[in-house]
2 protein chains.
Amino acid sequence: MDTRLSDLRTRLAEVEDLQHALRLLQFDQQTAMPAAGAEARTESLATLARILHERQTAPELFGLLDALAGSDDPLVRVARRDADKARRVPGELVSEATRAAADGQRAWERAREEDDFAAFLPHLRRNIDLAHEYAACFADEIDEPYDALLDDYEPGMRTADVRTVFGPLREELPGLIAEAAESESHPPPELVGPFPADGQRRAIRAILERVGFDESSWRLAESAHPFCATIGAGDNRLTTRYPEDVLESPLSSLHEFGHGLYEAQIDPAYARTPLHHGASLTIHESQSRLWEVFVAGREPFWRGAWELLHPHLDGRLDGHDPRSFVAAIGAVRPTLIRVDADPVSYPLHIVLRFDLELALLSGDLAPRDLPAAWRDGMRALLGIEVPDDRHGALQDVHWAAGAFGYFPTYALGTMLAAQLWETATGEIPDLDARIEAGDLAPLREWLRDRIHRHGRSLEPRELIRGATGRELDAAPYLAFARARAHAPAA
Amino acid sequence: MDTRLSDLRTRLAEVEDLQHALRLLQFDQQTAMPAAGAEARTESLATLARILHERQTAPELFGLLDALAGSDDPLVRVARRDADKARRVPGELVSEATRAAADGQRAWERAREEDDFAAFLPHLRRNIDLAHEYAACFADEIDEPYDALLDDYEPGMRTADVRTVFGPLREELPGLIAEAAESESHPPPELVGPFPADGQRRAIRAILERVGFDESSWRLAESAHPFCATIGAGDNRLTTRYPEDVLESPLSSLHEFGHGLYEAQIDPAYARTPLHHGASLTIHESQSRLWEVFVAGREPFWRGAWELLHPHLDGRLDGHDPRSFVAAIGAVRPTLIRVDADPVSYPLHIVLRFDLELALLSGDLAPRDLPAAWRDGMRALLGIEVPDDRHGALQDVHWAAGAFGYFPTYALGTMLAAQLWETATGEIPDLDARIEAGDLAPLREWLRDRIHRHGRSLEPRELIRGATGRELDAAPYLAFARARAHAPAA
C-alpha cells in the first residue's frame, strides 16, 4: 500500500507542478505580458493544458487509484474524483478550451475598452460551443448541461439546487433595495472622485499589510479585472485596479486578500497534492466576501485604518469619517457594475448572470441578443437602465474565459460569509474591537482552524457543518441584508 | 516529405511551448516571486524540464528526423543537432540540474547579500558535480570535459579554441590598462553618487524608448543580476538594477536591450521553431556589447540623449557634459565588478573566470579555495585587491545556475562587436550623426538584415562571414582597445 501511495503522490505532484506553470502563465498574461506576446502565450497555455490532461488521465494513474480503492485517505478520494472527471474529456477539447479562453480574454479586454460587443461575439459563441461539448462528456450523469459546468466550481451541486437557493433572493432583495432607496432618513452620502491612482496604490499596500499581507509570501499586481492566484505554496498573488472615478480598491483588494489568505493557510503538509486548494468556489467566495463585506465593509475596521486611507486621496475623503465612509461604500442602491455593488443588491447581479448563462446554454437566448437581454434583466431585477455594454454584458471576464457555471458561487459564497461571520462573532471575543485595533490574527486563526487548513480534505458540506454547526442557510444573509437596507452605516 | 515536415514542426512547436513556460517561470523567479514560493517553483521547474526532455527525446521525433535526413531545411539540421544532444543526457540529470540551478540561484542571492561564500559552497559543489555528469554524457566526442559545456553556448567551439583566442588578450590588455592608468594626460573624471534609483528608473525608461523599446512588445523589470529573456515571439523582457553608488544602469540596460533586439528581430516565420533563437551566445553577446560599448559607450549617443538622463539624477551630473560622461563611464581602469568594467579590462575578467572554471572542473582547484584563487587572479591580471567575496567570487550568478562554459562567450562577443561595428560604420551612412539624432532605425535594420533575422538558420561562422566578410578576428577589438586606452573620450 505504502509504495503505491507514494507512487500516487509522485504522479499527483507532477500534475501540481504543471498547474503551477499554467497559473503563472495566466497570471502573467493578465498582469505583465506585452500585447504582442499573446499569440505565443496562447499556444504555450494550450500545450501545457494538453500535457496536463495527459498526466491526469495516464493509465498508470488509474492503475494506482484502483489499487488504492480501499484507502480512506482523502487524497485518494479527491484524486479519484479529479481523474474520473478528466478521463471523460478528450485532451483536444481541453487544449482547445484553453486556447479559446486565452483568445477570449484578449478579445474581451479590447472589446470592453472599446464598448464593442460585436468584436467579442465570435469568442462568446466559440466558448458556448465548447461548453456544450464539455457538458456532453458528462451526459449520462447530469440532468441538464449546466450541471456539468457548475460541478467544476461547486462539486456535487446541481442547477436545480441553485434555482432553489436563489428563490428567496429573487423574492426579497428587490423589495429591500426599493425600501433603501425610498428611505428618506438615510440618504446615502456621496464619495466624489477623482481618487488619485497613486494615492490608492500607497493606501492599499498599507491596508493589506494591516490585515496580513507581507512581502515574503505575497505579491500585489494590477490587472483589468481583479483576481487572486496562488501560484504555488508560499506564492500568493493578488491583483487589483485603481480606477479614479469609483473608489473600489479598498473593498476589492480585501476581497482578493480573502481568497489569497484561504490558500495561504492550507495545511502546508498538503503542498504539491490536489488537497492544497480551496474546497469549492462557494467556500472560496465566502472567504473573499467575509473580508470584503464584514471586515472592510464595516465601521470598526476603518476606525482603525482611517489614517492609512484618508491622507492618500488628495482630500477627497475630507468630508467623511469612518462611519459615513462605510455608509457610502456600502450604500444599498442599484448599480451597474457587479464588483461595485453593495452586498444587498449584489446577489441580484448574480441571479441575472445565472438566468442569462442558462438561457445561452439552452439556446433560448442567442448570443447576439445578450446585450438586450442584459438590459431587460437589469431593468427587471434592479430597476436601472444600462447605458452601454461596458457597463452591461461586457463587464465581466468569466464568459470570455469560458467560465460558465462560475457565477452562482459568488452569491452562495456571500450567503455563507454571513453565516460564518455570525458564528465567528459569537466565538471570537471582542472581534470588532480587535479588528479596530488592527489585530486580525484572531480572525485569521479562526478561519484557518475552521476552514482554511483543511484544503480539499473535507467536502464543502462537511466544512460548512464543521465551521457553523449546520448546513448552508440563507437566514443569516437575509437578516444582514434587511438590517443593511434600513441602516446603511451599521 | 511534407507531412513528415509538418509533423516535425508540430513536435518542435510543443517543445518551444514548454520552453516558453520554463523561461517565464525563471524570469518570474528572478523578478517577482516572493521568497517563500521558491520551493514550489523549483519543483515546477524540475518537472517541466523533465517533461521537456521527454519530448526532446521522443522516439517519434527521431523517427521523423531519420525520415527527413535528406532534407536541406535548416530546421531539420538544427532539430537533429538538438535532439542528438538531448538524447545523450538522462532525463533525471536534466531535472536534477534544473533543480540545482534554481536552488543555487536562491542560495547565491542570499550568500552575495551577506557576503557568505561558505553558505554558497555546497551549491557550487553540487553544480560542479552535475557539470561533470553532464560532460560525461559526451565523453566519446570531446577532448576535455569543458568542451561539452562550452558547446551548449557556442556550438562547435572547443576549449582549445578559446585558449588560442584568449592568448593575445592575456598578452596585450594588462599593458594597455597600465598605460591608461599611468597616463597623466587623461585623469579619468569622476562620477560621484548617490544616483537616486527613482531618477534612474525614469531615465532608463526614456533612454530605452529612444533606441526602440516599446510597450507593445517589451517589458522592463528589476532583478539582482540584469538579464534579458524573450519569453516568446513578441514578448521581450529586460531586467536591470539601480544601485545608487555606481551608475551602471545606462550601460547595462542598453546591453540587455541589445540581447532583446536580437530575438525581437528574428524572422517571425521562425516562431515556435528552434530557429527562433540566437545562433550562439557569442553572436548574442556581440549584440549586447555593440549597444553597450559602441552606442551607449560613445559620445554621439549622449549628445542626443543627455536630456533624458541628466535631469533625473538630482544634479549628480551637473559637472559633466556628454564627452566627460562617456570618458567617466568608459574610463579604462581595473575594477572589481565585471559588469561595471570598461571595455578594455573587461576581457580580463572573463579570462579569470575561464581559468577558474577550467581549474574547478579539472579538480586543480578545490571549490572551497575559489575565493582565494579569485583574489590571486585579480591581482595577477588586473593588479587589484579584492576586499570581499561580494566583490569577488560571489558577484556573478552563472556558476550558481550551473552555467559553466558560458563566460568565454562574453569576451568573444566583445571582440565580434568591434568587428561588426567596424563594418557597420563603413556601410551605414552618417551612423554617428543618426545615433546622435535618435534615429536608431538604420542600425537596427542593418543588424536585422545581417544577423538578427536569420535566427539559428545559419551557423555562427556563416553569420560572421556573411555580416563582416571574414572570420571572427581579434584585430578590430585590439585596435579599439588601444585607442580607448589612450583617449578615453573617443
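Two remarks on conventions. This is a predicted model, in which local features need pLDDT of at least 70 and side-chain atom pairs count only at pLDDT 80 or more, while totals for chains, interfaces and linings use all residues. Residues are numbered from 1 along each chain as its sequence is written, and chains are lettered from A and ligands numbered from 1 in the order in which they are written.

Two residues are in contact if their C-beta atoms, placed from the backbone, lie within 7 Å. The contact between the domains takes 25 residues from domain 1 of chain A and 21 residues from domain 2 of chain A. Which elements give two or more residues to the side of domain 1 of chain A that touches domain 2 of chain A? They are H1, helix H4 (74–88) and helix H5 (91–113) of chain A. Helices here are DSSP runs of H or I with at least four residues, strands are runs of E with at least two, and both are numbered from the N terminus. By class, this side of domain 1 of chain A has 14 nonpolar, five polar and six charged residues. In this scheme Ala, Val, Leu, Ile, Met, Phe, Trp, Tyr, Cys and Pro count as nonpolar, Asp, Glu, Lys and Arg as charged, and the others, Gly among them, as polar.

Next, the pair of chains. Here 34 residues of chain A are in contact with 34 residues of chain B. On the side of chain A that touches chain B, two or more residues come from each of helix H1 (2–31), helix H2 (38–56), strand S1 (218–222) and strand S2 (228–232) of chain A. The residues of that side divide into 16 nonpolar, eight polar and 10 charged.

How are the copies related? Chain A is superposed on chain B by a rotation of 180 degrees with 0.0 Å of shift along its axis (RMSD 0.0 Å). That is the relation of a two-fold axis. Of the residues of chain A, Ala21(A) comes closest to the rotation axis, at 3.3 Å (C-alpha). Moreover, 100% of the interface residues of chain A are also interface residues in chain B, so the copies meet through the same surface.

I close with some local features. A cis peptide bond, with omega about 0 degrees, joins Gly193(A) and Pro194(A), and Pro194(A) has its place in the loop between helix H8 (159–182) and helix H9 (197–211) of chain A. In chain B, a cis peptide bond joins Gly193(B) and Pro194(B), again with omega about 0 degrees.

Finally, Arg272(B) has a phi near 60 degrees, a positive value in a residue other than glycine. Arg272(B) is found in the loop between helix H10 (249–264) and helix H11 (281–295) of chain B.

Key:
Copies are superposed by least squares on the C-alpha atoms of residues with pLDDT of at least 70 in both.
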